[in-house]
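The following note is intended for a colleague who is meeting this structure for the first time. Its points are numbered, and each may be read beside the displayed model.

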Amino acid sequence: MTVRLDAIRECLEGAVPGVMATCSADGAPNVAFLSQAEYVDGRHVALSYQFFNTTRHNILENPNARLIVTHPRTAERYRLLLRYLRTETAGPLFERMKAKLAGVAAHSGMGGVFRLRGSDVCRVLEIERVPGPALDLPTPRPSLLAALRSTSARLAICRELDTLLAEALASLESQFGFRHTSVLLLDAAGTRLYTIASRGYENSGVGSEIAIGDGVIGVAAREATPIRLGYLAPDYAHYGAGGNSTRAADAEGLETRIPLPRLPEPRSRLAVPIRACTRLLGVLYAESAQNLRFGYDDEDALVALAGQLGAAMLALRQAGEVDDGTAVPEPESLAAVGPPVIVRHHAGDDSVFLDDTYLIKGVAGAIFWTVMRNLVNAGRSTFSLRELQLEPTIPREDRSADLDARLLLLRRRLADCGAPLRLESIGHGRFLLAARRLPKLVDVAPPTNPLPARH
């Protein structure tokens, strides 16, 4: 090929429809617009299959085709010679194209018409530039490779998960220009993701949840593949565990849903899985109010960054399991001021409320209730990660190596709520629970005779 396929990936963003020429077995030609072409690798592209039309009929009879794509910023055109290989109707490639097509359809007013039936994978046999005038490129963007190098250097010296995530999101803003970002981690059950860190939002959304398969983030986690949209796509909106309008509440009617951090109308979105040793750990997410803000190069950079994040998280997690045996004396108690804070624990789902304000639930809720009982009943304000791993009151199936992330989640939720309690790291794998108001514990047992559901 005279032109490398990876050099013209920007032509495959869907900003300008492609023009595809096919020919039937008996020699009848057909030319039609193509909604979407997706870069697969240096030798393959995938074409959107939406309708069983003449183009589809021809490609099944005669696998050779021509495709003209246009650079959205310079108007340069390239002619590709293709050979159809197969159609994929499920899996990572299909889901990537399905999400992108939803954005293109909504942007062009065809949201109710376009529906991806399959991804037609084709081998690229030849690429040539179509003669003609071209515009000059705008001012070149800063080097993403340099940005990635700088970010990697900052992450390499982080010794705590809190610092690692804060540096990662700060670097995405300062080095890449991504102003709205978040990190979500996979829960122990492998069915939901919870927000552990965010940057650029009025509310942090720490503790908010989203189901696997829900929206761009959930699909990226389910398929273990990057999902990128360049236009507003309502079908891929994130509503979180409680839905867009459903109010999640406990048995006493107190609000328990934490809204996800998000822009009101994100035009561009990019979700990249965080993996380590084939394990899915979470998702790195960025969004923007600008159309086509993230391209293939941005996606490549975030995939590389997510890989380093995953390796660093796993290393920190393993390091936190090692206890060096150094004794940590109990600090002097802080003087409590004001009325007691009511700490209410619901045993059914380990949800915890401070007075009437929802704090946390699940594993983090069980951890908090355990250390609060130790503080009130035994006067112990310090504890170690190793103690929590052996603590029988934390559900056994969840007493896993992600306790460090749960503690970070708990620390950030306490800060977000402005609670008179705070959790601090005081050394390798050790923590301090400090109280500005005396806690009063209330343990609420699950109902034994729940009321029948109303229909």
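1. Arg56 counts as buried because its relative accessibility is 9%; here buried means under 20% relative accessible area, exposed means over 50%, and partly exposed lies in between (1.4 Å probe, protein chains only). Arg56 belongs to helix H1, which covers residues 54–61. Leaving out residues up to four places away in sequence, Arg56 touches Tyr49, Phe51, Tyr84, Thr87 and Asp120, contact being defined as heavy atoms within 4.5 Å.

2. The model is predicted: local features need pLDDT of at least 70 and side-chain atom pairs count only at pLDDT 80 or more, whereas totals for chains, interfaces and linings use all residues. Residues are numbered from 1 along each chain as its sequence is written, and side-chain values use heavy atoms, with hydrogens and water left out.

3. The chain has 9 helices and 20 strands. These elements are DSSP runs numbered from the N terminus, with helices (H or I) of at least four residues and strands (E) of at least two. Of the 455 residues of the chain, 49% count as buried. Among contacts between residues at least 6 apart in sequence, 67% join residues at least 24 apart. The accessible surface of the chain comes to about 21600 Å², and carbon and sulfur atoms account for 52% of that surface; the areas come from the Shrake-Rupley method with a 1.4 Å probe, and for residues only the protein chains shown count as cover.

4. An open sheet is formed by 3 strands in the order S17-S19-S18, with antiparallel pairing; two strands pair if DSSP finds at least two bridges between them. Its edge strands, S17 (382–384) and S18 (421–427), each pair on one side only. Neighbouring strands of the sheet are turned by 30° against each other on average, direction ignored. Axes are lines fitted to C-alpha atoms, for helices over the stretch in contact, and angles run from 0 to 180 degrees between N-to-C directions. S17 is joined to S19 (residues 430–435) by 3 bridges, and Thr382 has Leu432 in S19 as its bridge partner.

5. Which strands does helix H7 touch? Helix H7 (residues 362–378) packs on the sheet and touches S17, S18 and S19, its direction making about 65° with that of S19. Helix H9 (residues 403–416) also lies across S17, S18 and S19, and runs at about 135° to S18.

6. Strand S1 (residues 18–23) runs antiparallel to strand S5 (residues 64–70), with 3 bridges between them, and Ala21 stands opposite Arg66 in S5. S5 is in turn joined by 7 bridges to strand S6 (residues 77–88), again antiparallel, where Ile68 stands opposite Arg79. The hairpin of S5 and S6 has 6 residues between the strands, and Ala75 takes a positive phi near 70° there.

7. The largest nonpolar core has 68 residues, and Leu164, Ile196, Leu284, Val343, Leu354, Phe368 and Leu414 have the most contacts inside it. Such a core is a set of buried Ala, Val, Leu, Ile, Met, Phe, Trp, Tyr and Cys residues joined through side-chain atoms within 4.5 Å. Beyond its neighbours within four places in sequence, Leu414 is in contact with residues including Leu354, Phe368 and Leu421. A second, separate core of 23 residues includes Leu34, Val45, Ile59 and Cys122.

8. The structure holds 28 salt bridges, each a side-chain nitrogen of Lys or Arg within 4 Å of a carboxyl oxygen of Asp or Glu. Arg437 forms one with Asp355, the closest N and O atoms being 3.5 Å apart. Arg437 lies in the loop between S19 and S20 (439–444) and Asp355 in the loop between S15 (351–354) and S16 (357–360), so the pair ties together parts that are 82 residues apart in sequence. Glu424 and Arg422 meet at 2.2 Å, N to O; Glu424 is partly exposed at 27%, as is Arg422 at 32%.

9. Is Glu202 buried or exposed? Glu202 is exposed, because its relative accessible area is 80%. Glu202 lies in the loop between strand S9 (192–199) and strand S10 (209–211). Its C-alpha atom is separated by 8.1 Å from that of Pro261, 59 residues apart along the chain.
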